[in-house]
Amino acid sequence: TVDSKMKSNGRAIIDVGADGVAVITIINPPVNSLSLDVLYSLKDAFEEAFRRDDVKAIVVTGCHGKFSGGFNISSFVDLQQEKVAQPNPGYISLDILTDTVEVSKKPLVAAIDGHALGGGLEIAMCCHARISTPNAKLGLPELHLGIIPGFGGTQRLPRLVGLAKSLEMMLTAKLVKGEEALDLGLVDAIVSSSQLLDTACKWSLDIWEHKRPWNIASLYRTDKMESLGEAKEILKFARAQALRIAPNLHHPLAFVDVVEEGIVSGPRAGLIKEYETFEVLIRSGPCKALVHIFFAQRGTMRVPGVTDLGLVPRHVKRVGVLGGGLMGSGIATAFLLNNYHVILKEVNDKVLEAGIDRIKANLQSRVNKGKLSQGNFEKALSLLIGTLDYESFRAIDMIIEAVTEDLSLKKQIFTDLEKYCPPHCILASNTSTIDLNLIVDEKSKYADRIIGAHFFSPAHVRPLLEIVHTQNTSPQVIVDLLDVGKKIKKTPVVVRNCTGFAVNRMLFPFTQAALLLVEHGADVYCIDSAFTKFGMAMGPFRLLDLVGFNVAMASEAQFVSSMPGRIYKSMLIPLMQQDKRLGETTQKGFYLYDERRKAKPDPDIKRYIEKAREISGVSIDPKLAKLSEKDMLEMIFFPLVNEACRLLAEGIVVKASDLDIASVMGIGFPPYRGGIIYWADTVGSKYICSRLDEWATIYGKNFKPCDYLAEKAARGIPLSGTMDLAKSRL
């Protein structure tokens, strides 16, 4: 029996037609996920169809145009926390799917629409044939959750599409559409949604009447498998790739090991190794962290005091973007790709043309990568209008100001906008650091429409959107921007207005600590190496090069005035600026860059560090010069954790999980570590607090633990514990 806590409305129903075809439908909206109760119900439906004399053939499908999105991820948490009685190991994979479904003496056809992902595809692969719609998506994306397939996918996919293609699909979590699935041999035919069920029923009867071949069970197919010699080379290459791309993770290698077991010892042995490995991985740290990120990402759309008011998002159709530089052109591209009309404003013809050329280049890049058709490229460009004045802004729904971080310029722009934009128009700034109340006076008559829409460069690629509200921002405007964010495929995180908002405010002490270490003797490149080994996309100095020194110093100027008591003043970057070393854009920063943006260390950096020490009056600290990688990580990450705690204490961010998403998508924190607060809780607040106290005594009060962190440490409770939501002032 299924534990009562696992009960849901999910089930499978059987309907037998006059033609003798039993249609089994998976019902568990919205994506027909496979909770344990659905799987048990599915087993009952199959067994009923096998028993009944009036059933000749069987079609399995999902309700509302979706086959199945795979195993219910909420069930992972229940299994990890042992809230439910778990079925015996291999019960679903072997007893139900292999020894009951796949050995059916009645033809079994899967009718796939919408998506067949994870466990959904694994069920479909047990059938004698699969019929799909052209745009249905099929794949085994378990990699993103720190696990491997658990219902036989590692054994059946290689036998249906070949070893090389199956490993590519599993190790990149690649989804294929129906047409490609047909080419690969994963499905047997493509039909429209309206014809899907009828075609699948006829196909199953054709097999019954021997008009079509009764395919050998997927588990024992060999026609697509490479020779043993080729297989060994493919497995060797896949293993090397997994180690190179994810050196800290075991589960990508587990894919290769389990697939190999099936080739060497036979598919049944492979199934046994698969479910044994799945049992271990589902309880692993990376799986728990990635499941946390999965739910945290979906939770960003729920904002207490805003999304619970019953407000309906207004329809935004026309968007104005002010500034066609790197950020402005990227923002415009993001909207054009999602069918919004965009008006790009610049100050003269030359810079306007340059902005439009950047947008064209962004779109063309997607065409070149096969992510955008030529037709959609032309459609996107047709939605773009360039202008040098505000006249066309009189009928616009939202503007996004994306000019340089110049406060006086931004103030003037918003003063001008008030004269031209209609009363319903959302007035957004893409500022990355500046307090919105400095840009627009809180007493302004349009203060309720002012909001921050902070994109991350390149804006049409990076997934995060920081939505920044002031005391006066209308909840309706926040709801509107949440909806827009979703429609342009961004993950929005709502934060309260302050200097730096969430991401850049966390990053500031991170880079400050890195600069302090270097001036006291630590090596720039050893620090960056420690961070990439930890799993960060890049270390603090490579990140500074990417951001650019001018932007970094403009941000620092804002923080100096907003948090004057917590600044480590380093002259290292200003000295490099004097020599026109500005980061990646000038091909010289902490690294040297070639034309392909490949970075290499520059021995000349030592000269700048020595000069900075001389100006600051700092001498080399032998302890810091010989820091271990663990200590480097802690001395730079723990100040970031400390600032994240301040954001929670001040109600800048309401949920700790929002900071986890902000750190993963905005800073490049490894998702398999769960985000900054989740990770800090695995380290322990007591340990973090004691280390910060120790460093504050030696290196200054910018390391001093904030009250929130100190209180949590003293009480021994997680940093992610609930806060008083009233503090958020939403």
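Mentor: Asp54 forms a salt bridge with Arg52, with the closest N and O atoms 2.9 Å apart; a salt bridge here is a side-chain nitrogen of Lys or Arg within 4 Å of a carboxyl oxygen of Asp or Glu. The model is predicted: local features need pLDDT of at least 70, side-chain atom pairs count only at pLDDT 80 or more, and totals for chains, interfaces and linings use all residues. Residues are numbered from 1 along each chain as its sequence is written, and side-chain values use heavy atoms, leaving out hydrogens and water.

Trainee: How does Asp54 count by relative accessibility?
Mentor: Asp54 counts as partly exposed, at 39%. Buried means under 20% relative accessible area, exposed over 50%, and partly exposed in between (1.4 Å probe, protein chains only). Arg52 is also partly exposed, at 30%.

Trainee: Which residue forms a salt bridge with Glu629?
Mentor: Lys533 does, the closest N and O atoms being 2.9 Å apart. The pair links distant parts of the chain, 96 residues apart: Glu629 lies in helix H26 (residues 629-649) and Lys533 in helix H20 (residues 524-534). Helices are DSSP runs (H or I, at least four residues), numbered from the N terminus.

Trainee: Turning to Arg691, is it buried or exposed?
Mentor: Arg691 counts as buried, at 14% relative accessibility. Its side chain meets that of Glu694 in a salt bridge (3.3 Å, N to O).

Trainee: How many salt bridges are there by this rule?
Mentor: The count comes to 39. Arg505, Arg566, Glu643, Arg646 and Glu650 are linked in a network of them.

How values were computed: Helix = DSSP H or I, 4+ residues; strand = E, 2+ residues; numbered from the N terminus.
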